[in-house]
Amino acid sequence: MDSSLFKLTSLNLNGIRSATSKGVEAWVAATGPDCICVQEIKAQAPDIQDRFEQLAGLDGYFHFAEKKGYSGVGVYTRHAPSDVIVGLGSPEFDAEGRYVETRFDTAGRKLSIISAYFPSGSSGEDRQQAKFRFLAEMHIHLMRMKGEREFILCGDINIAHRKEDLKNWRGNQKNSGFTPEERAWMDMLLDPVAPTGGIVDVYRVLQPDTTDACYTWWSNRGQAYANNVGWRLDYHLATPALAALARQESIYKGEKFSDHAPITIGYDLKLG
């Protein structure tokens with residue numbers, strides 16, 4: 001990727017200790033992103049202290065879940081943020097460690113980079129209903145933010161938006177992650193003209209038609225990874241002005257740090 005671009009990576013680690021044991025820190029050092037948003041760190045503050053506060057020289061900012069070994073998100077950045085917002089302000093979901101926002105505001109600019117981990121509903125109806133409640137709260141939050149500042153939300157959204165975004169779309173239309181309700185939520189969010197939308201799926205701006213190459217997650221069951229039976233669950237969602245600065249994208253599959261692949265997008269952007 002062009003070294004002049006601002007490189008922003010998103011990666012669900014499926015456990016920060018596990019991912020680092022599989023070489024993610026060396027990969028970050030070698031690829032040199034300016035910022036990496038991580039999800040599902042599965043760690044609390046004492047686990048991070050003196051070990052994961054930095055990743056390959058990038059400083060980390062986190063939102064931990066109350067439950068041990070569960071969820072948790074972070075932003076590792078080369079540039080010092082002007083402010084850090086931990087949590088959505090939602091009693092239900094802030095306990096699960098799903099949102100951290102790093103702000104890089106200047107006198108003439110309000111800009112945020114967010115790491116978010118949307119709930120999965122695959123474990124049962126209770127969690128699917130929780131996922132719908134999260135989507136409703138997140139939509140209100142993003143619409144409010146859109147009126148106040150530019151942002152890029154990176155994260156594991158746990159939704160495949162279109163049939164091109166997963167291998168077995170016909171057989172998954174009733175399954176969490178590809179239900180009509182979840183896809184309709186994405187339709188609403190990404191509608192370019194509706195007052196309830198206006199957010200941009202940055203990868204699809206750069207790669208509007210990819211299918212097999214777009215997947216970022218594979219089940220650990222069977223031979224899903226070997227056969228590339230995957231889903232696109234990891235996104236950069238941005239306000240239009242920032243999305244327009246996207247120049248290059250990469251989904252790295254050369255090594256397997258977790259059940260997700262890192263997605264990096266290069267923006268014609270300067271934070272410093």
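**Exercise 1. Find which residues line the largest cavity, and sort them by class.**

Solution. Start with the lining: Trp218, Tyr225, Glu255, Lys256, Ser258, Asp259, His260 and Ala261 surround the largest cavity. Here a cavity is a set of points on a 1 Å grid over the protein atoms alone where a 1.4 Å probe fits but cannot get out, a pocket is an open set with protein on both sides within 12 Å along at least five of seven lines, and lining residues have an atom within 4 Å of a point. Next, sort the residues: three are nonpolar, two polar and three charged. In this scheme Ala, Val, Leu, Ile, Met, Phe, Trp, Tyr, Cys and Pro are nonpolar, Asp, Glu, Lys and Arg are charged, and the others, Gly among them, are polar. Finally, take the volume, about 30 Å³; grid points are joined across faces, edges and corners, and a volume is the space filled by probe spheres set on the points.

A word on the model before you go on. It is predicted, with local features needing pLDDT of at least 70 and side-chain atom pairs counting only at pLDDT 80 or more, while totals for chains, interfaces and linings use all residues. Residues are numbered from 1 along each chain as its sequence is written, and side-chain values use heavy atoms, with hydrogens and water left out.

**Exercise 2. Describe the largest pocket and the second largest pocket.**

Solution. First, the largest pocket has a volume of about 670 Å³. Its lining counts 34 residues, and Ser120, Ser122, Asn158, Trp217 and Leu233 are the closest to its centre. Helix H5 (125–146) and strand S12 (230–231) each contribute at least two lining residues; helices (H or I, at least four residues) and strands (E, at least two) are DSSP runs, numbered from the N terminus. By class, this lining has nine nonpolar, 16 polar and nine charged residues.

Now move to the second largest pocket, with about 160 Å³ of space. Look for Met1, Lys7, Thr9, Trp27, Thr31, Pro33, Ser250, Tyr252 and Thr264 around it. Strand S1 (6–12) and helix H2 (24–31) are the elements giving two or more residues to this lining.

**Exercise 3. Work out how H5 and H6 are arranged.**

Solution. Begin with the axes: those of H5 and helix H6 (residues 180–190) come within 11 Å and cross at roughly 5°. Axes are lines fitted to C-alpha atoms, for helices over the stretch in contact, and angles run from 0 to 180 degrees between N-to-C directions. H5 is therefore roughly parallel to H6, a label for angles under 35 degrees. Then inspect the contact (heavy atoms within 4.5 Å): H5 brings residues including Phe132, Leu135 and Leu142, and H6 brings residues including Trp185, Met188 and Leu189. By class, the contact has nine nonpolar, two polar and three charged residues.

Terms used. Angles under 35 degrees count as roughly parallel, over 145 as roughly antiparallel, 65 to 115 as roughly perpendicular and the rest as oblique.
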